[in-house]
Amino acid sequence: MPKLETGMNAQAIIDEVNSAIGAHGMWKMRLRTAIMSGQCEITAAHACRDDKCAFGTWIYGPSLDAQVRAGVPYQVIKRLHAEFHQTAGGVLAQVERGNMADAKATMDGEFADRSEKLVRALTKWKGELVRLR
């Protein structure tokens with residue numbers, strides 16, 4: 001598999017991006033279930049942490065070199081990913097307080113918007129990487 005200029009394997013990054021798109025789609029189901037049931041296996045404090053999910057561990061981990069980290073796609077996705085987790089944590093904080101109406105409103109508004117932006121950015125980065133292969 002061809003290497004990026006940075007020495008990174010483009011396919012390895014594409015694989016991580018694909019996994020992230022799927023995993024973050026699961027957050028929608030997890031949050032909807034939490035709103036419907038009034039409980040979630042993940043706390044709001046944990047959900048806010050963008051470095052605790054598999055994608056966050058990868059983004060902050062050692063496998064990406066400085067050149068990739070300095071790139072615009074990485075910087076944008078890192079920011080959007082953090083915002084996504086902050087909003088998911090906010091939804092769960094409302095669930096924890098028993099405020100399901102506000103949790104649903106945040107889920108359908110701010111969370112949906114941030115989720116869409118993150119997936120769009122991930123898809124764009126993936127497209128750029130596919131062209132490099």
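**Salt bridges and helix packing in a predicted model**

Q: In this predicted model, what makes the contact between Glu 41 and Arg 30 a salt bridge?
A: The closest N and O atoms of Glu 41 and Arg 30 are 3.1 Å apart. The criterion is a side-chain nitrogen of Lys or Arg within 4 Å of a carboxyl oxygen of Asp or Glu, so the pair qualifies as a salt bridge. Glu 41 lies in the loop between α1 and α2, and Arg 30 in helix α1, 11 residues apart.

Q: Why is Glu 41 called exposed?
A: Its relative accessibility is 63%, and exposed means over 50%; Glu 41 therefore counts as exposed.

Q: Why does Arg 30 count as partly exposed?
A: Arg 30 has a relative accessible area of 27%. Buried requires under 20% and exposed over 50%, so Arg 30 is partly exposed.

Q: How do you know that Asp 108 and Arg 32 form a salt bridge?
A: Their closest N and O atoms are 3.2 Å apart, and the cut-off is within 4 Å. The pair links helix α6, which holds Asp 108, to helix α1, which holds Arg 32, across 76 residues.

Q: Why are Arg 120 and Glu 116 described as separated by about one helical turn?
A: Both residues are in helix α6, 4 residues apart, and are therefore about one helical turn from each other.

Q: Why are α5 and α6 called roughly antiparallel?
A: The two helices pack at an angle of about 160°. Angles over 145 degrees count as roughly antiparallel, so α5 and α6 are given that description.

How values were computed: Residues numbered from 1 in each chain as written. Predicted model: local features only at pLDDT ≥ 70, side-chain atom pairs only at ≥ 80, totals over all residues. Heavy atoms only, no water. Axes fitted to C-alpha atoms, helices over the stretch in contact; angles between N-to-C directions. Parallel < 35°, antiparallel > 145°, perpendicular 65-115°, else oblique. Buried < 20%, exposed > 50% of the residue type's maximum accessible area, 1.4 Å probe, protein only.
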